[in-house]
Amino acid sequence: MAGRFVSDFTHNGLIGNHQCRNPWRRRPQGVVNTKASLGAPERAKKILMMGGSRFIGVYLARTLVKAGHEVSLFTRGKTPITQQLAGESNEAYAEYQLRVKHIQGDRQDFEALKSKIGEAGFEVVYDINGREAAEVEPIVDALPDLQQYIYCSSAGVYLKSDLLPHFEVDAVDPKSRHKGKLDTESLLQDKGVTWTSIRPVYIYGPLNYNPVEEWFFHRLKAGRPIPVPGSGLQITQLGHVKDLADAFVKVMDNPKAFNQVFNISGSKYVTFDGIARACAKAGGFPDPEIVHYNPKNFDFGKKKAFPLRDQHFFASIDKAKQELDWTPRFNLVDGLRDSYELDFGRGKFRKEADFSTDEMILSAGRVHATV
């Protein structure tokens, strides 16, 4: 498997958007030595992962299994539980298949969920696909000896602001489409369980089912212009999935991560035009023709003409770097190259190319193009 995860457990915590009213309802047992490496945990953990068969969890589960932890994936079982990654040896994949466990079920069926996990003695939960607080409460209630609940939230919870980047202490938007993730963070705090919340910005990398880099790669491969809304100078931020997995491991059993929120993404911010150029460089394509347009001049219906929100959107990762002893291993071009060479460049992608909105833009005339 390309990209080797190496992590140790160090951290120093600051309160995020929540005040710690009762952070030690259940003081975690068996905290690992803060000097321990992933390859030799002081004590293996019994881990429940909600999700884990599609994208983030694919890399995170491998890292945890390789470190000696017992990992059970809770999924509906509608997609294969494991898949061999590009560049992963047959031996490594076979070992992962043998060691990872699976619990089949629907997390929306709360009583069945509690029944299936309640007697397993899970110590740590990684919730990769939780969206609503109601989905999380039964898990916490079913695991009275839970030591830590690690939640994948989103930087999309922050209130839109003129002052950027977003910091973990910044105001959040209770009306955002990620309101359920905010409610979940509040629930975990109210329950008194030891928790950690990770807020990624845009995630990219091999197996990405959200067509971020894939959207650009489709157009580059077809030799088409790349339509970008507005000036193309909107600033955003992408973080590689393997760096995100590293951060998820860093917070486990880490006292300095208890009851804390962390932004996780790439080290540098990038413009929309910059993403197009970085994707071209990563895939070995010529410099792209970039066409700017005014999205207010078009009615795209329910189709999405561009894969990113049309605004400045980026977050500080200083807290994670300083407190978790974590830093991204991938710069943007290298990370996009990893994604291209291990996924799209091998003919694998999640969605077929759809250039219908491009044609609407191009046929209406170009605002201006840059190379």
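**Burial, salt bridges and surface charge**

Analyst: Helix α7 (residues 241-251) is mostly covered, with 11 of its 11 residues counted as buried. The model is a predicted one.

User: Which residues of α7 are buried?

Analyst: Burial is judged residue by residue, and a residue counts as buried when its relative accessible area is under 20%. In α7 the buried residues are V241, K242, D243, L244, A245, D246, A247, F248, V249, K250 and V251. Just after the helix, D253 adopts a positive phi of about 60°.

User: Why can charged side chains pair?

Analyst: Side chains of opposite charge can pair because their charged atoms can come close. Over the whole structure, a search finds 20 salt bridges.

User: What is the distance between the closest N and O atoms of E70 and K46?

Analyst: The closest N and O atoms of E70 and K46 are 4.0 Å apart, and the two residues form a salt bridge. This pair links distant parts of the chain, since E70 belongs to strand β2 (residues 70-75) and K46 to strand β1 (residues 46-50), 24 residues apart. E70 counts as partly exposed, at 31% relative accessibility. K46 is also in the partly exposed class, at 27%.

User: Is D127 buried or exposed?

Analyst: To answer, one compares the relative accessibility with the cut-off: at 0%, D127 counts as buried. D127 forms a salt bridge with R107, with the closest N and O atoms 2.9 Å apart. The pair links distant parts of the chain: D127 lies in strand β4 (residues 124-127), whereas R107 lies in the loop between β3 (101-104) and α3 (110-117), 20 residues apart. R107 is buried as well, with a relative accessible area of 9%.

User: How many residues apart are D334 and R337 in helix α10?

Analyst: D334 and R337 are 3 residues apart in helix α10 (residues 332-342), so they are separated by about one helical turn. They form a salt bridge whose closest N and O atoms are 2.8 Å apart. D334 is partly exposed at 37% relative accessibility, and R337 is partly exposed with a relative accessible area of 25%.

User: Which residues form the positive surface patch?

Analyst: A patch of charge is read from residues that have over 30% relative accessible area and no salt bridge. Here R131, R177, K304 and K351 form a positive surface patch. Taking R177 as one of its members, this residue sits in the loop between β5 (148-152) and α5 (179-191). R177 has a relative accessible area of 72% and is therefore exposed.

How values were computed
Residues numbered from 1 in each chain as written. Predicted model: local features only at pLDDT ≥ 70, side-chain atom pairs only at ≥ 80, totals over all residues. Heavy atoms only, no water. Patch = residues over 30% accessible without salt bridge, like charges linked within 9 Å, V, L, I, M, F, W, Y side chains within 5 Å. Areas by Shrake-Rupley, 256 points an atom, 1.4 Å probe, with all protein chains shown as cover. Salt bridge = Lys/Arg side-chain N within 4 Å of Asp/Glu carboxyl O. Lys, Arg positive; Asp, Glu negative; His and termini not counted. Charge placed at Lys NZ, Arg CZ, Asp CG, Glu CD. Helix = DSSP H or I, 4+ residues; strand = E, 2+ residues; numbered from the N terminus. Buried < 20%, exposed > 50% of the residue type's maximum accessible area, 1.4 Å probe, protein only.
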